[in-house]
Amino acid sequence: MKTLAAILTATELEQKPLRDRLGDSFAGRDLSWHIGGMGAGATAAATLCLVRDLRPGIVIQAGIAGALPRKRLAVGDTVLIGSDYQADLGAWRPETGNFEPFSTLPEASATVCPYAEPFREHFRIVGARSANSACSPLPLRGGEALESMEGAAFFSVCRAEKVPFLQVRSVSNRVGDPRGEWRIPEALEALSEALARLLETLPVYNL
């Protein structure tokens with residue numbers, strides 16, 4: 001009997017080339033495809049529903065993302081995410097006219113993916129931050145190299161539900177680039193190849 005891998009993307013735009021490339025069965029696994037929606041709330045709800053309905057052997061979140069200005073990632077690079085946190089958790093201070101992120105407080109502590117480390121031989125592993133308002137001018141914290149909108153929520157639900165999980169991302173732009181300069185087709189092509197390679201590698205680590 002084939003084991004089941006659930007593949008979660010935020011949008012149909014991201015999912016279509018992946019499903020066209022991999023189909024509904026790949027590398028000895030049945031694939032269950034899901035669109036979670038954009039942002040933390042939609043992703044948390046979708047992840048919880050698919051995990052409780054299907055109890056898959058693993059859930060993989062796949063998508064494009066923006067590289068943060070540390071000059072470590074280039075457009076088209078694909079990575080696994082080793083940790084992720086909600087960067088825009090915070091409060092607007094009317095007395096100062098500023099948004100103050102709680103990035104140093106426990107409420108915004110990073111959620112670690114314990115399943116990523118064995119894949120270091122095959123994938124670059126980086127830290128990430130999530131922001132419901134993508135490309136927000138939020139201060140960098142620690143060594144995060146990439147910004148998504150959904151990763152932190154996805155990690156938190158999977159850890160709470162005790163299901164194995166991974167997040168694979170391809171860089172479509174640098175945070176702050178004009179939208180017209182984003183190279184989404186190139187990033188999605190790289191993402192489809194990375195997801196195929198990841199699925200082929202999973203049995204080595206019994207995931």
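Okay, a quick definition before we start: when I say contact, I mean heavy atoms within 4.5 Å. And keep in mind that what we have up here is a predicted model.

Let's begin with serine 192. Leaving aside its neighbours within four places in sequence, this serine is in contact with Pro17, Leu18 and Arg21. You'll find serine 192 in helix H4, which covers residues 184-201. So, is serine 192 buried or exposed? It counts as buried, because its relative accessibility is 7% and the cut-off for buried is under 20%. Its side chain also reaches the backbone oxygen of glutamate 189, at 2.8 Å.

Staying with H4, let's turn to the core. The largest nonpolar core has 51 residues, and H4 gives the largest share of them, 9 residues. Ile60, Val168, Leu195, Leu198, Leu199 and Leu202 have the most contacts inside that core. Take leucine 199: again leaving aside neighbours within four places in sequence, its contacts include Ala5, Leu22, Phe26 and Ile60.

Last stop, the largest pocket. How much space lies in it? About 340 Å³. The lining is made up of 21 residues, and the ones nearest the pocket's centre are Glu14, Met38, Ile64, Met149 and Trp182. Helix H1 (12-22) and strands S4 (58-67), S10 (144-148) and S11 (165-174) are the elements that each give two or more residues to that lining. If you sort the lining by class, you get 11 nonpolar, 5 polar and 5 charged residues.

That's my tour, thanks.

Technical notes. Residues are numbered from 1 along each chain as its sequence is written. This is a predicted model: local features need pLDDT of at least 70, side-chain atom pairs count only at pLDDT 80 or more; totals for chains, interfaces and linings use all residues. Side-chain values use heavy atoms; hydrogens and water are left out. Helices (H or I, at least four residues) and strands (E, at least two) are DSSP runs, numbered from the N terminus. Buried means under 20% relative accessible area, exposed over 50%, partly exposed in between (1.4 Å probe, protein chains only). A polar contact is a pair of N or O atoms within 3.5 Å; within protein, one must be able to donate a hydrogen and the other to accept it, and residues adjacent in sequence count only if both atoms are side-chain atoms. A nonpolar core is a set of buried Ala, Val, Leu, Ile, Met, Phe, Trp, Tyr and Cys residues joined through side-chain atoms within 4.5 Å. On a 1 Å grid over the protein atoms alone, a cavity is a set of points where a 1.4 Å probe fits but cannot get out, and a pocket is an open set with protein on both sides within 12 Å along at least five of seven lines; lining residues have an atom within 4 Å of a point. Grid points are joined across faces, edges and corners, and a volume is the space filled by probe spheres set on the points. Ala, Val, Leu, Ile, Met, Phe, Trp, Tyr, Cys and Pro count as nonpolar, Asp, Glu, Lys and Arg as charged, and the others, Gly among them, as polar.
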